[in-house]
2 protein chains.
Amino acid sequence: MLNILFAGNPTLWPNYEPALKTAFADAGLEFELSDSCDDPAIVDYIVFSPAGPIKDFSPFVRTKAVLNLWAGVESVVGNKTLTQPLTRMVDPGLREGMVEWVTGHVLRHHLGMDVHIHGQDGVWREGKVPPLARDRCVGILGLGELGAASGQALAGLNFDVAGWSRSQKSIEGIKCFSGEEGLRDVMARSEILVLLLPLTPETTNVLNSETLALMPKGTVIINPGRGPMIDDAALLNALNNGQISHATLDVFRVEPLPVDDPYWAHPNVTVTPHIAAETRVTSSARMVAENVRRAEANEPLMNVVDRSAGY
Amino acid sequence: MLNILFAGNPTLWPNYEPALKTAFADAGLEFELSDSCDDPAIVDYIVFSPAGPIKDFSPFVRTKAVLNLWAGVESVVGNKTLTQPLTRMVDPGLREGMVEWVTGHVLRHHLGMDVHIHGQDGVWREGKVPPLARDRCVGILGLGELGAASGQALAGLNFDVAGWSRSQKSIEGIKCFSGEEGLRDVMARSEILVLLLPLTPETTNVLNSETLALMPKGTVIINPGRGPMIDDAALLNALNNGQISHATLDVFRVEPLPVDDPYWAHPNVTVTPHIAAETRVTSSARMVAENVRRAEANEPLMNVVDRSAGY
């Protein structure tokens, strides 16, 4: 019987308690899960978040691992009392949710759905048959875990996918570009462009008046990455002159996006409220349970934090 | 020299004439292609659509096959004068387009996109995080070429896909059901239900007040198949009482859908103008030519209609 202590932010407990119990049971573990403990010396595992109650890990003499619920560990990695292995969350649910959001919005624009979603007025709008996905160029800026997975899902639906990353990569199904010139090449061919770069000084304002002008007239921009990658004034200008036909934006320099922001009122912009990728209780509980199962089976833990690197 | 008669809707001729000529030539055939004929007795093959001029096939005494340009044959299969082999169109472009349309609209409803597409009013609507695709049950009624391909694309995006066909099938990634009871089982588990059955007397009104009541409350209906599969009064009633949360309908008993049809005005219905699957001229012309080539080489025709089954 394992004693597992939930030492996360107490507001998380009502959602995580049932999810963790299900996940531990599904992993075949015998366990007692509690959000409090009278005797730290009997705790086998700690499910942790920095906003939770534990600041001193030294009384947890039997604890085999501390399982952080979030990806970021910057506020705990320097804690000198923490001598047990520390893992960080890599939630497959967050990746899967991002792939679903990106694929859905690419298909929405590819198929021209909005004309029909808005046009329920009795007019039978046959319009132009869209090209098949195999004849539609989609670009993905950023080929990290989220960009690569999104690009591969789109390639699986036959889209002609090109991707860009700072250093050259090789990913099945994606035409991979890198470097300054590669960035211009991807932009110049993309009818739909998805932004999934990490935010750094180099990627800030990567979409600006100069780069927007490189794209084919009528390109669609989809930004589920980070708001500051876009020079907002330049994008609004490109939307107004038709160089960009639509922008679906999930992230912004200021969130929630202020009510008077011109994006809200623009007819060719869709604002979504930072929902493209969310950590999921169910899938992150499964990751925690899988790590406990591994520890009990003397298998290596996943996503162990390297204390010297800090992540 | 083969005499081939184009007996489709005359508006199709300008697009199909060059595509068919190219395809017949590429198939190595010697032919004369025309959109009119003075002497039915010399016609070897008929390229057909129900909206074209032929209602009586009996004068075409030498005709070796009637090659329908569309997948649906319900309006010609019962024609007693038609004694020649009848083939229906299985166009790879049509299949790909259908998969894209179905996948796009399933993702649209799965993600709850419409709230944001309609809600560009300055309100930051975070709302409820949708489940991941792996926790979303999608049902496909009909596992012919279009249903199977759509189901497999959805399974590739992790959706929990169940499919129903009259006779039991086995398709990778899809939980396959058949028979009366299987139909009820698929309906009872589907949060999103896609109709891709062939239209036959048995599938007419397959969605009726009784079967709609089997589904989980709030199910979404997507119909890219055939209009008469739905009892429209029963669906409107189910939409009004919330049993069905939304219907995206591409096909109707009468098309174009009349301007005063209640579907247009219903806030939870999206009408699309029979665009889910468009036959692509180039790829379908190639299929027609391949069947003529086969017939001339005494090879079995592809996609021959079984008159007793009706498709």
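Analyst: A polar contact is a pair of N or O atoms within 3.5 Å; within protein, one must be able to donate a hydrogen and the other to accept it, and residues adjacent in sequence count only if both atoms are side-chain atoms. Helices (H or I, at least four residues) and strands (E, at least two) are DSSP runs, numbered from the N terminus. The model is predicted: local features need pLDDT of at least 70, side-chain atom pairs count only at pLDDT 80 or more, and totals for chains, interfaces and linings use all residues. Residues are numbered from 1 along each chain as its sequence is written, chains are lettered from A and ligands numbered from 1 in the order in which they are written, and side-chain values use heavy atoms, without hydrogens and water.

User: What makes B:Asp231 a cap of the N-terminal end of α7(B)?

Analyst: A side-chain oxygen of B:Asp231 lies 3.2 Å from the backbone nitrogen of B:Ala233. Just after the helix, B:Gly242 takes a positive phi of about 85°.

User: Which residues of helix α7 of chain B are called buried?

Analyst: Buried means under 20% relative accessible area, exposed over 50%, and partly exposed in between (1.4 Å probe, protein chains only). In α7 (residues 232–240) of chain B, the buried residues are B:Ala234, B:Leu235, B:Leu236, B:Ala238 and B:Leu239. Their cover includes α6 (209–214), β10 (219–223), β11 (244–249), α8 (262–265) and β12 of chain B.

User: Why is B:Asn291 called buried?

Analyst: Its relative accessible area is 4%, and the cut-off for buried is under 20%, so B:Asn291 counts as buried. B:Asn291 is found in helix α9 (residues 281–296) of chain B. Contact means heavy atoms within 4.5 Å; leaving aside neighbours within four places in sequence, B:Asn291 is in contact with B:Leu67, B:Thr87, B:Leu301 and B:Met302.

User: How do you know that B:Asp44 forms a salt bridge with B:Arg62?

Analyst: A salt bridge is a side-chain nitrogen of Lys or Arg within 4 Å of a carboxyl oxygen of Asp or Glu. The closest N and O atoms of B:Asp44 and B:Arg62 are 3.1 Å apart, and the pair therefore meets the rule. B:Asp44 sits in the loop between β2 (31–34) and β3 (45–48) of chain B, and B:Arg62 in the loop between β3 and β4 (65–68), 18 residues apart. B:Asp44 is buried at 4% relative accessibility, whereas B:Arg62 is partly exposed at 39%.

User: Why is the B:Glu210 and B:Arg184 pair said to tie together parts of the sequence?

Analyst: The two side chains meet in a salt bridge (3.1 Å, N to O). B:Glu210 lies in helix α6 and B:Arg184 in helix α5 (residues 179–189) of chain B, so the pair ties together parts that are 26 residues apart in sequence.

User: What links chain B and chain A by salt bridges, and how many are counted?

Analyst: The count between the two chains is two. In one of them, B:Arg134 and A:Glu96 have their closest N and O atoms 2.7 Å apart, which is within the 4 Å limit.

User: What is the area buried between chain B and chain A?

Analyst: Buried area is the accessible area (1.4 Å probe) that two parts lose on being put together, summed over both. For chain B and chain A it is about 4200 Å², with 68% from carbon and sulfur atoms. B:Glu100, B:Trp124 and B:Trp264 supply 19% of the area that chain B buries against chain A, more than any other three residues. In contacts, 50 residues of chain B meet 51 residues of chain A.

User: Where do domain 1 and domain 2 of chain A have their bounds?

Analyst: Domain 1 is 2–91 + 279–296 and domain 2 is 94–271; such bounds come from an automatic or database domain assignment. The C-alpha centres of the two domains lie 37 Å apart. Between them the domains bury about 280 Å², 43% of it on carbon and sulfur atoms. A:Asp91, A:Thr279 and A:Arg280 supply 83% of the area that domain 1 buries against domain 2, more than any other three residues. The rule finds two residue pairs in polar contact across this interface, and the salt bridge count is zero.
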